[in-house]
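Trainee: Could we go through this model together? I would like to begin with a helix end and then turn to charged pairs.

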Amino acid sequence: MVRSVPATRHAVVIGGSLAGLCAARALAEHVDRVTVVDRDRFPDTPQVRAGVPQAHHLHVLITAGQRALDQLFPGLIAELHAAGAVRVDAPTDVLYLTATGWRERFPATHQLVGTSRELLDWTVRQRLAVDPRIRFEPAHDVVGLLGADGRDAVTGVRMRPRAAGAAERNLPADLVVDASGRGSHVPDWLAELGYGRPDETRVDSGLGYASRRYLLPPGASNGWKNIVVMPQPPRSGRGGVIYPIENGRWMVTLGGLGGDHPPTDEAGFLEFARGLRSPLIHQAIRDATPDSPIHGFRNTANHRRRYEAMPRWPDGFAVVGDASCTFNPVYGQGMAVAARTAVVLAEQLRDSGGTLGRAAQARVADCSETAWLIATGADLRYPTTVGPRPRRGGGLSRWYLDRAADVANRDPYVQRALTDVFHLVAPLSAVVRPAVALRVLRGRPGPQLVAPPSS
């Protein structure tokens, strides 16, 4: 790429998870050095690390995320497959029990990548590790931002080694990107510098889930690669997924709404699986060999910080990933939005001559918008959900989307439109295009499927 800025420029990324790694790749084309600061030490092999507790659970890399990662790291998806990641043709390889019945296994319109989070993160880190412009500063806490005298700008970070008695030091930078996740301290740091705090929105369905990895006995998969059992409130608030990952292992995640959370002991986990609307997941794992402990997770609220709307915003600074907008993980959007945001940052840096500011933060917010509307719209259908509801039109929208989901079970055209939106490759307006709306209003072309389709 053609350099767009003068030499001797330095950028700092706070956080070395996927959002931070992707941001580092975007920044590297517009500065001379990028330093990624993280409180963890990075493992030398694909392993779950403390800073990414969500890695114990299911991660789905949807189409938009695959495209963005391949744009940032050409050939990455092929590299994941070479390392053992599993191709899942959707919906052909999927047994999908929606709220209104089973979905037909239509010809594939999308491919999923069956990989663990640790393999994905490690593969991306290996790409960055060989880039001489990028270095990692592990085992350090960032404790604040450096401001500029007389102007609105962030000029670096304050950081401290994670060792007893270690002294704090300043790390100057021309650009700073916060990718420190759900627990980001940026609202406090901006307030300390006199910028105030962002407005925040929280939508919480009360979902809790638990996950375990298994080795299935021969023949257990029986022609499918993925089973999804959705809740059906008020009759059932329970759901579950079984999904392939590398090395012949399978990830099983069970979830429940309104406090009906899956236990993390073996007997309780299996009994919860047995209580799902379909017995298929329980049948697949009851004789399987566990390949991990059972890990629980409860922090599933959608949470958005409206940085783009703050009255003042410092130059040279951006907030990305879960630090800006986090989604209920059950919808599988977080990694895709993180990668797409890095692509957007790269475009903004190119268009602005290598600077960050309010325009960059506005583009970050735009990149999260569709995923936010999908995740919160789905969660707000549950009576247990706590959070602001649409003032008007919400009931009609929910009716239409519920009907569209039901029609999609038997109509491949509507199914494709919905799937394109959920994979973040089409706007929400795609589900109300005249050709789609006409099919939705006509209703499902055939009876509900009461048993999983065989092919």
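Mentor: This is a predicted model. Just after H12, Gly-443 takes a positive phi of about 100 degrees.

Trainee: Which residues of helix H12 are buried?

Mentor: In helix H12, residues 434–442, the buried residues are Val-436, Ala-437 and Val-440. Viewed down the axis of H12, these fall within an arc of 95 degrees, so they line one face of the helix.

Trainee: And which residues are exposed on the other side of H12?

Mentor: Pro-434 and Arg-442 are exposed there.

Trainee: Changing topic: how many salt bridges does the structure hold?

Mentor: The structure holds 32 salt bridges. One of them joins Glu-79 to Arg-127, with the closest N and O atoms 2.9 Å apart. Glu-79 lies in helix H3 and Arg-127 in helix H4, so the pair ties together parts that are 48 residues apart in sequence.

Trainee: What does Glu-369 pair with?

Mentor: Glu-369 forms a salt bridge with Arg-304, and the closest N and O atoms are 2.9 Å apart. Because Glu-369 belongs to helix H9 and Arg-304 to strand E19, the pair ties together parts that are 65 residues apart in sequence.

Trainee: Is Arg-304 buried or exposed?

Mentor: Arg-304 counts as buried, at 2% relative accessibility. Glu-369 is partly exposed, with a relative accessible area of 32%.

Trainee: Which residues are linked in a network of salt bridges?

Mentor: Arg-25, Glu-29, Asp-131 and Arg-133 form such a network.

Trainee: Lastly, which residues make the nonpolar surface patch of about 360 Å²?

Mentor: Leu-396, Trp-399 and Leu-441 make that patch. Trp-399 is located in helix H10, residues 394–408.

Technical notes: Residues are numbered from 1 along each chain as its sequence is written. This is a predicted model: local features need pLDDT of at least 70, side-chain atom pairs count only at pLDDT 80 or more; totals for chains, interfaces and linings use all residues. Side-chain values use heavy atoms; hydrogens and water are left out. Patches are made of residues with over 30% relative accessible area and no salt bridge: like charges are joined within 9 Å, nonpolar side chains (Val, Leu, Ile, Met, Phe, Trp, Tyr) within 5 Å. Accessible areas come from the Shrake-Rupley method with a 1.4 Å probe; for residues, only the protein chains shown count as cover. A salt bridge is a side-chain nitrogen of Lys or Arg within 4 Å of a carboxyl oxygen of Asp or Glu. Helices (H or I, at least four residues) and strands (E, at least two) are DSSP runs, numbered from the N terminus. Buried means under 20% relative accessible area, exposed over 50%, partly exposed in between (1.4 Å probe, protein chains only). The arc is that of the directions from the helix axis to the C-beta atoms.
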